[in-house]
Amino acid sequence: MENYIDKDKLESIKQRREKEFKHYQRRHPLEKKDILIAQPNIPLSYPIQGAEVMPLHTIILPGLGFHGTSRETLKVLLQASFGNLNTLADVSEEVVQGRGTKLLVITTSYVKLLNHILEHVTYTSTKYLLDVADMMNFTDGTYLVRFPVTIRQLHLPKLFDSGPDNSIRNMVTITVKTFLRYHKLRILLKSIKQYYPDITIIVADDSEHPEKIEEANVQHYIMPFGKGWFAGRNLAISQVTTKYYLWVDDDFIFTEKTKIEKFVDVLENSNLDVVGGSVDGNEYKFKIFYQEGEDSSCLHLRNGFYHHLEGFPNCVVTSGVVNFFLAHTEESRHVGFDPKLQRVAHLEYFMDGLGNLRVGSCSDVVIGHQSHQISTNIQEANAEHLYARFRDVFDKELKFKLTLHYFKNRMKCYTKG
């Protein structure tokens, strides 16, 4: 990727990228979670997972116990990194030292008393941290174990009320970005009305001289000229008020095989966030593999899918799909569309969604693609010619996108195949 960056700018870009990456790490800790193996036949019991606390709250640590034999002196240590420890047991300072600190020391000769204290040990989060694992040390001097206490803020659910009938118009909004090609857009809208006359359609339009689209259930949003492909996606999806949105291009056309109901059935009855279909037989499904390195990373795109989706014989699980898909509105807003990508972009949405979006593809939901024949209408032909001029910037766009990924995603290489 460095080959696509101006040599006189490479070093300064690299320095800025590393500075930004360190800031990102502070906001999203990338600590490697230790592999925890509970060894057999040790006298300490502890939670391997499930000990969770909200930021600045207190919990009793579950499952702590000593299962050895009594001896003259039993000394147990508990140590935290991000929170303070205490016990609700009413015992003297000679028995429990370090209350309200990160190191709790318990000293006694009675196993029963030790377990009473351990059963009431508390962990208090002292910093407002989100989704961080505090790796606890628990030792009796002979055995040392480590277990995680997860500090996690609960998320408010965001639910969409689709009404009592769960009709398609109440569950799905169709979104489309258009630029110059109103003759294509009007064909698309007419075809949608043929099969889904009441569904809401949102059009984001960054044409230089916008034409009025005054049709029932069509919301037409005008953008600054040439603002771009992903900026238009962001605008359109920001206005969706239904649980799902269906993304289509302005030169698609609905047919009898464009069954939105099938898409909805998949998302309602699986854990997927996005499900794509076929555009005239082309599914364009692909897998994304992320290879992390010390100085930067690599991303590899491969055609195909991982496995079939259980319960849906015509569907598979993959990483990215063609430009015709149904998606959960909230999950898409969370990932977003980078508005820096103006002319040629699609798979970048799935790259940004890697690790967040669960994606599938179904071959039995098909949308048509309008003919590429040159129109005999002079106005339409001129629009197509102007559109092609804006679109035909592959080399420039490729260099821009790779430079963007180099910094934004801290990538050094990128392969397709």
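**Strand 5**

Select residues 74–79, which make up strand 5. Strands, like helices, are DSSP runs numbered from the N terminus (helices H or I with at least four residues, strands E with at least two). Strand 5 has a covered face made of Leu-74, Val-76 and Leu-78. Its uncovered face carries Lys-75, Leu-77 and Gln-79. In a regular strand the side chains alternate between the two faces of the sheet.

Before you move on, note that this is a predicted model: local features need pLDDT of at least 70, side-chain atom pairs count only at pLDDT 80 or more, and totals for chains, interfaces and linings use all residues. Residues are numbered from 1 along each chain as its sequence is written, and side-chain values use heavy atoms, with hydrogens and water left out.

Two strands pair if DSSP finds at least two bridges between them. Click Gln-79: its bridge partner in strand 8 is Leu-103.

**Helix 4**

Select residues 182–195 for helix 4. How far apart are the end C-alpha atoms of helix 4? They are 20 Å apart, and this agrees with the 20 Å that its 14 residues should span at 1.5 Å a residue. The expected span is 1.5 Å times one less than the number of residues.

Next, colour the buried residues of helix 4: Tyr-182, His-183, Lys-184, Leu-185, Leu-188, Leu-189, Ser-191, Ile-192 and Lys-193. Buried means under 20% relative accessible area, exposed means over 50%, and partly exposed lies in between (1.4 Å probe, protein chains only). An α-helix has 3.6 residues a turn, so residues three or four places apart point the same way.

**Aromatic pairs**

The structure holds 14 aromatic pairs. Rings of Phe, Tyr and Trp (its six-membered ring) pair if their centres lie within 6.5 Å; planes under 30 degrees apart count as stacked, over 60 as edge-to-face and the rest as tilted.

Select Phe-263 and Phe-324. This pair is tilted, with 5.3 Å centre to centre and 50 degrees between the planes. Phe-263 sits in helix 6 (residues 260–268), while Phe-324 is in the loop between strand 21 (315–318) and strand 22 (325–328). The two are 61 residues apart, so the pair links distant parts of the chain. Phe-263 is buried at 0% relative accessible area, and Phe-324 is buried at 1%.

Go on to Phe-286 and Phe-350. Their pair is edge-to-face: 6.0 Å centre to centre and 90 degrees between the planes. Phe-286 belongs to strand 18 (residues 286–291) and Phe-350 to helix 8 (residues 347–352), 64 residues apart. Phe-286 counts as buried at 2% relative accessibility. Phe-350 counts as buried at 1%.

Now widen the selection. Ring pairs link Phe-230, Tyr-245, Tyr-284, Phe-286, Phe-325, Phe-337, Tyr-349 and Phe-350 into a cluster.

**Charges over rings**

Show Arg-17 with Tyr-406. Arg-17 lies over the face of Tyr-406, 4.1 Å from the ring centre. Then try Arg-233, which lies over the face of Trp-247 at 4.8 Å from the ring centre. A charge sits over a ring if NZ of Lys or CZ of Arg is within 6 Å of the ring centre and within 35 degrees of the ring normal.

**Disulfides**

How many disulfides does the structure hold? There are two. A disulfide is a pair of cysteine sulfur atoms within 2.5 Å.

Select Cys-298 and Cys-413, joined with S to S at 1.7 Å. The torsion about their S-S bond is about 110 degrees, so this disulfide is right-handed. Cys-298 lies in strand 19 (residues 297–303) and Cys-413 in strand 24 (residues 411–416), so the link ties together parts that are 115 residues apart in sequence. Cys-298 is buried at 6% relative accessibility, whereas Cys-413 is partly exposed at 24%.

Then select Cys-315 and Cys-362, where S to S is 2.0 Å. This link is right-handed, with 110 degrees about the S-S bond. It ties strand 21 to strand 23 (residues 359–369), across 47 residues of sequence. Cys-315 is buried at 4% and Cys-362 at 1%.

**Last stop: Ser-278**

Ser-278 is in strand 17 (residues 274–279). Is Ser-278 buried or exposed? At 2% relative accessibility, Ser-278 counts as buried. Show its contacts (heavy atoms within 4.5 Å). Not counting residues up to four places away in sequence, Ser-278 touches Glu-283, Phe-324, Cys-362, Ser-363, Val-365, Val-366 and Ile-367.
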